[in-house]
Amino acid sequence: MTDERSKEEQSIEMELSEAAAIKLPRSTSLERGDGLLVRLRPVYEGLIHFSLFVCASISVLVTVGIVVVLLYESVQFFFDVSIIEFLTGTRWAPLLKPQHFGILPLMCGTILVAGGAAFVAVPIGLGTAIYLSEYASPRFRDVVKPMLEILAGIPSVVYGYLAVVFVSPIIRYVFPSAGVFNAASACIVVGIMILPMIISLSEDILQSVPLSLRGAAFALGANKFEVTVRVVVPAALSGIIASFLLAISRAIGETMAVTLAAGATPKLTLNPLESIQTMTAYIVQVSQGDTPTGTVEYRTIFAVGLTLFISTMTMNILAQYILSRVGEKYE
């Protein structure tokens with residue numbers, strides 16, 4: 001009994017000493033410092049809030065400004081050119097007489113390059129991402145993945161030059177009917193350009209799939225390939241589709257590589273061996289300064305830019321719809 005009481009007394013004394021220590025008066029300097037920080041804290045938080053608001057406002061204002069400029073100049077353009085002719089015409093020759101303002105050849109060239117680039121990059125990128133995520137050793141992954149991401153830092157004009165001096169001669173050797181500038185070479189180099197984006201994003205998504213799903217599949221007797229194809233890839237499907245759409249958007253907006261590789265011949269064709277022109281390549285052509293400002297020819301830049309903007313926005317909306325339908329959520 002004496003020992004128990006002594007222990008209880010000791011515990012009570014320790015609690016009283018801790019309480020007394022907590023209630024000890026602090027030094028005047030600390031009180032002044034803490035009081036100053038407490039008084040200035042709303043000012044710091046207000047500055048941070050204002051800085052973040054300014055950053056967000058700048059992003060919104062830049063986007064709104066771009067849209068306003070495109071709309072203003074495009075409306076001026078459609079005062080002179082029928083919008084029906086613009087959207088349904090099959091000839092694009094705004095700089096030559098007689099003038100034709102049908103944008104379908106430019107849209108066809110853009111779709112051809114983006115689709116060809118996706119055809120090249122999607123299977124290679126997804127296969128590489130699956131290998132790095134599921135089969136490669138951590139040491140191999142740490143070495144190879146940064147090397148693949150280096151491709152994203154190469155300027156697009158270098159890819160265009162590579163297409164002209166290396167890819168196009170090979171295509172002409174295999175297909176003698178191909179021209180020096182052709183859509184196939186543009187598809188190949190743009191596909192190589194978007195590979196790092198697909199590989200990096202898809203590999204990160206595959207890595208984020210919970211290990212419990214893999215363990216459950218292995219416990220049911222599945223092998224490595226079955227776990228990868230039937231469990232991991234379907235679980236990461238939403239993120240994989242997002243990486244594909246983001247890469248295709250990058251291919252649609254590519255300019256210099258396509259301008260050098262595909263040529264500048266607006267033609268309504270799906271033959272990848274012929275020279276074509278994309279919407280971005282036309283904007284580069286007219287923006288060189290030879291077209292007088294304020295003319296119909298000059299305003300075609302903004303009409304084409306508005307069409308490209310609407311196409312990209314439509315694809316992003318479609319991407320969000322697809323992601324909402326196939327997205328998987330894990331706690």
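## Contact of α5 with α7

In α5, Arg141, Lys145, Leu148 and Glu149 meet Pro196, Ile199, Ser200, Glu203, Asp204 and Gln207 of α7, where contact means heavy atoms within 4.5 Å. These contact residues comprise three nonpolar, two polar and five charged; Ala, Val, Leu, Ile, Met, Phe, Trp, Tyr, Cys and Pro count as nonpolar, Asp, Glu, Lys and Arg as charged, and the others, Gly among them, as polar.

The axes of α5 (residues 138–149) and α7 (residues 183–207) come within 8 Å and cross at roughly 145 degrees. Axes are lines fitted to C-alpha atoms, for helices over the stretch in contact, with angles from 0 to 180 degrees between N-to-C directions. Helices are DSSP runs (H or I, at least four residues), numbered from the N terminus.

## Basis of the model

This is a predicted model, in which local features need pLDDT of at least 70 and side-chain atom pairs count only at pLDDT 80 or more, while totals for chains, interfaces and linings use all residues. Residues are numbered from 1 along each chain as its sequence is written, and side-chain values use heavy atoms, leaving out hydrogens and water.

## Annotated spans

An unreviewed UniProt entry places the feature "transmembrane region" at several spans, including residues 103–126 and 183–206; such annotations may be inferred rather than shown by experiment. Residues 103–126 are 96% helix and 0% strand (E, at least two residues), with end C-alpha atoms 33 Å apart. Residues 183–206 are 100% helix and 0% strand, and their end C-alpha atoms also lie 33 Å apart.
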